[in-house]
Amino acid sequence: QTPSFHPVVSSLFRAAGRFRLSQANSMRSVLLLSATAVAQKIGTLVNEQHPTIDFYECTEQACTSSPKPITLDANWRWYHDGTGSSNCFNDHFECGTPAECTRDCELEGISLSEYESTYGITAAGSELSLKFVTDHQYGTNVGSRTYLMNDDNSYYMFKLKNAEFTFDVDVSTLQCGMNGALYFVEMPEDGGLGAFPSNTAGANLGTGYCDAQCPHDIKYIHGETNSEGWTSGESGGRYGACCVEMDIWEANSFATAYTPHSCDTTKPDTDRYYRCDGEVDCGDGENRYNGVCDKNGCDFQPYRHGNTSFYGPGSSFRVDTTKKMTVVTQFITDDGTDDGTLSEIRRFYVQDGVVVQNPTVTKVGSPHDSITEGFCDAAAEWAADGTNFLEKGGMESMDIAHETGMVLVMSLWDDETVNMKWLDSDFGDPPSNLRGPCPGDETSTPEYVRENYPNSFVKFSNIRFGPIGTTTPPSPSSPSPSPSPSPSPSPAPAPSPSPSPSPSPGPAECPVCAHPQCGCDLLGRSWCTADHCHADLNAAGDCTWGDTCSPGTPTPSPSPSPSPSPSPSPAPSPSPSPSPSPSPSTGPSPPPSTNAAPNFYYKSWQACSATEAEAFGEKFTCPADAALMCGADDDVRGLYCAESEKQSCADILSPSSINPASPGGAGWMSPTLMLGSSEMVAAAAADGYDGAYAVVTFDKLPLGTCIEVTPSSGSSQFAPSSAVPLAPKLKAQIFNTAASAVDVYMAGGGLGAYNGCSAAGSETAVPPVPFYSKYATSANTDFVSHLQSIGYSNAGSQLDSVVTWQGGIRGGATYAACIASGGSKQACAPPGNGCNGGGGICIEDAETACALAFEGVGSYTTTKAIESCKFAFAYDLHWNRDVRVEVVAFPAGLTEGTGLIPA
């Protein structure tokens with residue numbers, strides 16, 4: 001092959017993310033021949049030789065690997081006159097009319113050596129490496145776009161519903177302005193070979209690309225060159241190539257997002273791979289939101305949505321981009337089957353052997369930790385930027401594409417249009433404009449990054465695909481930086497052989513549950529309880545012990561897990577949320593490892609039917625309608641049934657009983673159970689325990705489990721034991737599973753610990769009106785005035801958000817002493833806790849503040865709330881802090897008080 005046959009510059013013309021991108025032509029001055037192609041006939045000068053990578057297909061039993069070809073997109077290939085070596089494209093088409101170009105031009109193959117030497121693409125084992133800038137003897141190549149194939153003539157089609165997709169990635173060298181992307185698009189399986197006779201190249205040579213940006217810079221669409229309207233200096237032709245897009249990973253080392261893009265491709269001739277025509281149909285310019293596809297997408301972008309410490313370079317970030325990481329994405333259906341409807345796209349990470357949950361974000365107005373239509377609706381309303389994911393089909397559009405099958409794309413590119421600011425910098429209008437820490441200035445331009453970081457690369461490896469729970473080995477779990485109020489637990493990876501090295505001895509392998517809402521406990525045993533299934537599944541009776549879990553493997557000596565970082569608690573909760581770190585199991589009451597429900601009985605008044613409540617009406621003065629006002633008029637006894645009326649959790653959750661998912665109010669717990677109440681203090685003393693008793697919400701163990709929560713040395717960004725020196729250890733019973741960190745039921749937080757047989761559901765009312773007439777909210781003008789007197793001038797506008805999403809009122813004796821000695825609010829606050837108003841409000845005088853903050857419907861509730869508030873203040877318990885968690889025996893005084901009693 002002679003030099004005249006080689007491209008000099010090729011650039012990735014990826015048109016994805018939040019803004020349509022144009023063709024990269026900044027290096028035209030060095031062009032001798034074009035890197036791009038127009039038609040799709042197969043040339044005869046170079047035989048195509050695909051590199052291969054090991055790809056893993058997983059089942060409940062194992063992951064098995066097989067070599068799969070990789071091919072480069074047709075836009076990068078040399079396209080020339082079939083009668084010689086004249087270019088058919090050089091900045092614009094030079095081959096005549098569309099019909100003449102299609103007839104006369106040929107798309108050339110690439111040898112195995114040229115994949116690396118010309119395009120910077122290398123494959124070894126399971127790893128695919130894409131180099132940013134590759135200099136070769138004929139010029140320079142920039143970026144690439146590649147596809148995973150099933151064989152040499154067809155793409156591998158991923159049917160994603162009820163499935164899990166996992167890969168390892170290294171973005172350590174990717175700078176601001178770059179994007180190492182991995183995503184799915186609804187391309188034809190054969191690249192359009194069968195549908196369009198003039199296309200004889202097909203998937204073999206990387207044809208058929210489309211995405212939700214409807215890019216115009218695709219040289220050949222629907223069997224015809226896109227030359228009409230493509231003149232010198234322009235970045236595309238008349239037509240665009242549109243289809244549904246699922247961006248699994250768009251990232252550099254500073255920012256990341258995962259984003260579904262829907263398309264309303266319902267026209268009869270589309271076949272879901274649609275050729276748009278004109279500015280309106282394609283959504284160009286001012287018609288961006290009028291086109292056939294949703295170009296913005298419903299993106300989950302931690303930085304943009306308020307969590308700026310989750311992802312970035314260095315150990316201060318939850319996900320450290322200087323190291324390789326594993327990215328797991330689950331496509332959850334409404335009934336947990338392949339035939340169900342796509343309802344949620346969930347993400348978590350594994351790094352250094354620790355599972356890192358996707359963060360809960362609250363900027364959109366309500367807390368979310370995954371992509372659902374509810375999240376997309378809230379995010380679109382918050383951003384107010386025209387995003388129309390739901391209008392263009394939403395999850396239904398994605399559902400069809402996922403069922404039909406999508407093609408995996410792996411690419412590396414830069415952005416001449418807006419310097420990748422939509423991903424990693426300030427782009428658009430407030431409040432959603434801050435997307436990353438990058439400046440978005442000259443240092444993010446293609447010219448700058450190509451000149452200064454030519455050796456940057458992205459490496460994708462260990463690509464695995466299979467049913468939910470099959471693609472990752474068991475790993476120690478770490479809660480997310482902000483717990484979710486959702487009743488679904490965090491994903492718990494199930495074991496299966498994988499391309500990763502075998503983990504060191506630890507918890508036994510955990511069996512796979514039929515529903516993704518079910519998982520494994522900290523002892524490595526299976527658990528499935530109704531509270532860990534979605535409410536609709538539970539109501540339908542589909543999530544039961546008999547058919548959702550397999551027996552677990554006993555664990556004679558489970559190993560301890562490293563201490564995960566603690567997490568703030570933006571979800572409504574009655575306390576700061578210290579984060580757990582499981583210890584070696586010493587508890588005599590581990591979760592069950594058989595297909596039987598936990599043998600607990602619950603004697604809370606919530607277990608009584610309306611008829612039973614009426615029968616006990618005279619004795620307990622409870623209303624017959626089973627409302628939660630039983631705590632009024634000094635009569636807290638009304639919250640309990642008689643001993644003879646106690647029922648199992650299975651009884652309570654049966655369709656014939658009261659539905660605990662909709663009790664008609666929030667704050668289901670008796671005020672007696674608040675941390676620091678005189679009853680809880682007395683119970684601990686009677687049992688001879690030298691700490692405090694509590695009830696908590698925590699999703700890593702089954703309901704009813706008792707744990708000991710001990711202050712830790714501080715292996716995370718939140719308060720170590722030295723910063724909260726007065727904090728005691730706690731013995732606590734898990735009463736619901738709405739948080740991935742340990743949330744304690746106490747005055748000053750959100751809504752309470754709810755029912756001991758149910759997850760929290762979706763109750764979000766503030767204050768918990770069944771118990772309180774005044775709470776720590778903006779409606780409490782006396783409390784607001786007090787906060788203003790200690791420096792919170794905007795307390796009236798900040799308080800509701802702080803109590804609802806920031807973990808509640810903070811403050812403590814150690815903090816107050818620091819303030820009294822002249823320290824500032826933020827300097828005196830323990831690490832990982834805010835006292836600046838918007839990020840947290842901290843009281844300095846418990847006697848005054850607690851009395852003003854809480855007033856119960858009855859005087860009993862007032863007393864208990866003030867007791868709890870003062871206790872938490874006196875013992876430095878109002879803070880997000882680092883803790884260890886250990887399963888322990890059931891303390892008699894605690895379980896008698898809670899009413900959730902093991903049989």
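Reply: Helices (H or I, at least four residues) and strands (E, at least two) are DSSP runs, numbered from the N terminus. The model is predicted, so local features need pLDDT of at least 70, side-chain atom pairs count only at pLDDT 80 or more, and totals for chains, interfaces and linings use all residues. Residues are numbered from 1 along each chain as its sequence is written, and side-chain values use heavy atoms, with hydrogens and water left out.

Me: Which residues of helix 5 are buried?

Reply: Buried means under 20% relative accessible area, exposed over 50%, partly exposed in between (1.4 Å probe, protein chains only). In helix 5, residues 394-404, the buried ones include Gly394, Met395, Ser397 and Met398. Asp399, Ala401 and His402 are buried too.

Me: Which strand does strand 9 join through 4 bridges?

Reply: Two strands pair if DSSP finds at least two bridges between them. Strand 25 (residues 406-414) is joined to strand 9 by 4 bridges, and the two run antiparallel. There, tyrosine 147 has valine 409 as its bridge partner.

Me: What about strand 2?

Reply: Strand 2, residues 63-72, pairs with strand 9 over 3 bridges, in the antiparallel sense. Leucine 72 faces threonine 146 of strand 9.

Me: And where does a hairpin lead from strand 9?

Reply: To strand 10, through 2 residues. Strand 10 covers residues 154-155 and pairs antiparallel with strand 9 over 2 bridges. Aspartate 151 stands opposite serine 154 there.
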